[in-house]
Amino acid sequence: MYDLMTICKTTYTRVLRMRSLYVLLASVLVLVGAAHLYDELSGGREKELMYDTGAALLSLVGLLTALMVAFDIARDLREKVVMTLLSKPLGRSQYLLGKFSGVVWIGTINLIILTLGMLLILYWEQGFARWDFLKLAFSAWGTMVLTTAVGVLFASFFAELPAVILTVAVYAIGHGTEVLYQNNSIFSQLLFSVMANYGLLDFKDALGSNLYISWKLIVWSVVYALVYSSALLSLANIIFHRRDLA
Amino acid sequence: MGWRNKLRLLALDDLTLQVKPGIIFGFLGPNGAGKSTTIKLLLGLVTPTKGTAFLSGVPVYDKRSRERVGFLPEDPSFCAYLRAGEFLELCGKVLHMDRATRKKRISETLEMVGLTAKVKTKISEFSRGMLQRIGLAQALLNQPDLVVLDEPLNGLDPYGRKELKSILLSQKTQGKTVFFSSHILSDVEEMCDEVGILNRGRMVVGGRLKGLLPTKAVTLQVQEMKPETMTRLEALTSAITREHHHWTIHLSEPSHKNEACALLREANNQSIEVQTRAESLEDFFFRQIEENNRHRGFSNTSAVGSAIESTGAIP
């Protein structure tokens with residue numbers, strides 16, 4: 001556990017020192033700061049637009065943070081940094097899980113900051129607290145964890161670019177698994193049965209339309225994300241253990 | 001032992017190697033011989049498809065085998081986003097050193113490698129030589145019993161090389177074992193107690209350096225040389241050269257000395273100057289590799305692992 005935490009903290013430090021993270025957060029601040037312009041842009045639908053912007057930002061920040069793990073692990077492998085670390089009494093599982101935890105940690109902090117900011121903005125602009133935004137944030141957290149696990153899996157055997165592209169591909173296809181389900185081909189059905197179903201974690205439209213979604217459903221969808229992530233991490237672990245670091 | 005990578009390329013084949021504790025061991029071989037593969041195998045970075053390996057009696061697949069090992073990889077690259085001090089802090093934590101010991105050893109090792117002033121400099125700003133130094137610092141951080149270095153002298157200027165050699169010799173005086181691969185044979189000869197020569201995955205020869213190089217290279221010098229004498233000497237020599245006003249006869253075997261001297265006296269009763277010298281590690285290395293290639297039916301001019309190719313890499 002100590003080793004895992006060490007790698008986790010180092011990954012956290014690394015992500016914190018990535019300039020791209022600050023560009024991302026600055027963009028978010030600009031979008032949030034421009035909230036008062038929404039009524040002019042939206043033709044009277046500023047409340048919905050503001051809510052949808054917040055939801056989209058949660059997804060974007062979650063996705064981009066998760067992609068950092070694919071960059072980080074694949075880069076460590078390419079630059080052979082991992083050889084120095086694993087030549088010490090550090091297990092490969094601890095390394096992989098440490099990387100995963102570090103990115104999930106910083107992703108969690110990003111989402112908390114964004115959620116608090118959005119809650120304040122929504123309260124300020126709309127005059128009442130939109131607590132259902134917390135449901136959106138929690139499901140976005142589950143999505144971020146799942147995407148991070150997908151990134152770890154691909155980074156354990158691909159270089160940076162393919163790992164990132166494949167992670168984004170799974171994220172995109174995973175949001176449209178119902179299309180796969182509706183298609184009767186064996187390939188589509190097979191893909192549907194193994195593909196991460198991001199649709200289960202997507203409540204943006206429902207919550208944005210003021211539909212009631214119970215916390216129970218949200219929690220179960222996040223449990224699904226955690227279970228699926230565990231399976232992906234186990235697979236990544238097996239692959240990484242078998243991999244020669246030459 | 002045999003290891004194959006995913007493409008079924010034979011990476012190493014039949015290595016058998018044992019290194020005694022408390023010595024400096026030089027691991028030699030041409031490019032592609034399998035030196036780095038052996039090192040990675042010993043550190044659990046590569047998994048053998050066949051065979052076994054142990055570090056201090058612990059199998060290499062067990063991460064505890066690496067608890068008392070320091071490793072400097074070839075062409076090192078470390079966490080570029082960290083500062084030198086932070087990187088060593090990370091290594092200390094992974095090595096399970098407590099906070100006080102970590103602090104003390106980080107300061108000591110940085111001083112040892114001459115990077116004390118760079119403790120707060122980001123590794124991304126380090127030169128090749130400085131990377132080698134910080135690499136050495138992390139390898140020696142926990143005062144390991146075994147230090148494994150893959151081409152540690154690469155990228156170092158003459159001062160750096162001198163300092164590194166001094167550090168490695170000091171490790172030996174502290175009773176530590178140093179195992180390193182190198183192409184710089186003069187340095188290996190200067191520092192090592194034992195060497196092992198690897199060629200195409202097989203140990204060609206290994207043992208104490210003093211015992212391995214007993215062969216004396218014998219040359220004879222004479223003022224005159226008749227063509228028929230030269231013909232008669234052919235079977236006993238590896239080369240006959242003319243330099244200024246004398247002929248130099250390089251004997252292929254030291255044992256041919258008496259026979260060659262008798263032939264020269266018989267042909268022309270003149271004085272013969274006999275020169276005897278110990279074979280250098282470089283000569284020994286080339287001879288062993290070439291003989292091994294010949295014995296195994298490989299060309300000495302083939303691309304990978306050839307002795308000819310390696311001459312380019314050896315200064």
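How many residues of chain A are in contact with how many residues of chain B? I counted two residues as in contact if their C-beta atoms, placed from the backbone, lie within 7 Å. I found 20 residues of chain A in contact with 23 of chain B.

I noted that this is a predicted model, where local features need pLDDT of at least 70, side-chain atom pairs count only at pLDDT 80 or more, and totals for chains, interfaces and linings use all residues. Residues are numbered from 1 along each chain as its sequence is written, while chains are lettered from A and ligands numbered from 1 in the order in which they are written.

Next I looked up the sheet in chain B. I took helices (H or I, at least four residues) and strands (E, at least two) as DSSP runs, numbered from the N terminus. I called two strands paired if DSSP finds at least two bridges between them. I read 6 strands in an open, mixed sheet, ordered 6-7-8-3-9-10. Strand 6 (69-72) and strand 10 (202-208) of chain B are at the edges with a single partner strand each, so one side of each has no neighbour in the sheet.

I then checked one pair. Strand 7 (residues 146-150) and strand 8 (residues 177-181) of chain B run parallel, joined by 5 bridges. I saw Asp150(B) opposite Ser181(B) in strand 8 of chain B.

Last, I looked at a helix. Helix 5 (residues 158-173) of chain B lies across strand 3, strand 7 and strand 8 of chain B, at about 145 degrees to strand 8. For this, axes are lines fitted to C-alpha atoms, for helices over the stretch in contact, and angles run from 0 to 180 degrees between N-to-C directions.
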